[in-house]
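Student: Can we go through the aromatic rings in this one? Then a helix, please.

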Amino acid sequence: MKAPKYIAHRGLSMHAPENTVPSFELAGRSGFWGIECDTYCTTDGRWIVHHDRTVDRMTDGSGMVKDFTFKEIRKLNIVGGHCIEAYPGLQIPTLEEVLAVSESYGMHVFIEIEQFHRDTDLERLVQLVGQCGMLAQCSFICFNADDLNKVRMIDGDVQLGYLSAKAPAAADMELVRRLKLSFLNYSYKTATPEEVRKLSETGIDISLWTINDRQEALPYIEAGATYVTTDTILTDNGFQPDKQYFP
């Protein structure tokens with residue numbers, strides 16, 4: 001049985017506020033192969049890292065993320081998330097800041113494309129990752145196949161993953177062929193281990209999200225999942241939480 005590569009979902013988000021620099025640093029210190037982050041483009045063209053469509057749950061502000069300028073969104077304070085009391089003064093990070101953390105720990109990055117304003121924003125996204133020297137260490141993932149197609153038109157070689165909360169379907173394999181997808185990325189709640197096994201046997205890499213229990217993860221690992229996304233630490237990799245890093 002081949003061991004999967006573990007992806008820290010929004011960083012190690014069960015131990016630090018999600019999609020923040022500390023959550024990604026904890027993932028690096030914990031030995032994760034990769035991280036997943038969610039990205040939006042501000043009205044003035046900056047790519048930032050945040051999950052929700054609004055800033056309401058995680059910050060002291062209110063409104064749609066895509067409607068903020070970069071200056072406006074950097075004025076917000078993050079006030080939500082796990083162990084927030086141990087991390088005062090956090091801001092919504094830029095994608096560049098997250099990539100810098102990833103590079104320092106040698107982690108791969110699953111960059112989920114959420115919302116943007118124009119196709120040139122996607123061009124800027126790919127350019128930005130390239131300027132950071134991280135194109136080979138990043139995969140762009142999205143629920144919207146049309147957006148993945150746009151990224152493929154920008155760069156013919158960049159790694160792409162299609163996100164789906166539905167059961168695997170024959171059309172997914174057509175997407176693999178048409179977009180030269182690197183992998184398919186399913187919710188473990190809608191994809192069975194047997195479906196993962198059959199897809200893996202075709203040679204396509206399969207990723208599962210978001211599994212926070214070792215026993216729930218094992219059937220998918222045994223079925224050949226290439227990636228397992230989690231909010232916590234699922235493996236006994238010898239890592240011992242250090243109070244310096246874990247509040």
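Student: Which residues form one aromatic cluster?
Tutor: Trp 33, Phe 110, Phe 183 and Tyr 227. This is a predicted model, where local features need pLDDT of at least 70, side-chain atom pairs count only at pLDDT 80 or more, and totals for chains, interfaces and linings use all residues. Residues are numbered from 1 along each chain as its sequence is written, and side-chain values use heavy atoms, without hydrogens or water.

Student: How many aromatic pairs does the rule give?
Tutor: The count is 7. Rings of Phe, Tyr and Trp (its six-membered ring) pair if their centres lie within 6.5 Å; planes under 30 degrees apart are stacked, over 60 edge-to-face, the rest tilted.

Student: Why is the pair Tyr 188 and Tyr 220 edge-to-face?
Tutor: Because their planes are at 85°, with the ring centres 6.2 Å apart.

Student: Buried or exposed, those two?
Tutor: Tyr 188 and Tyr 220 are both buried (under 20% relative accessible area; exposed is over 50%, partly exposed in between; 1.4 Å probe, protein chains only).

Student: Switching to α8. Which residues are buried there?
Tutor: Ala 217, Tyr 220 and Ile 221. Helices here are DSSP runs (H or I, at least four residues), and strands are E runs of at least two, numbered from the N terminus.

Student: Why are they on the same side of α8?
Tutor: Because they cover an arc of only 100° around the axis, taken from the directions from the helix axis to the C-beta atoms.

Student: What comes just after α8?
Tutor: Gly 224, with a positive phi of about 105°.
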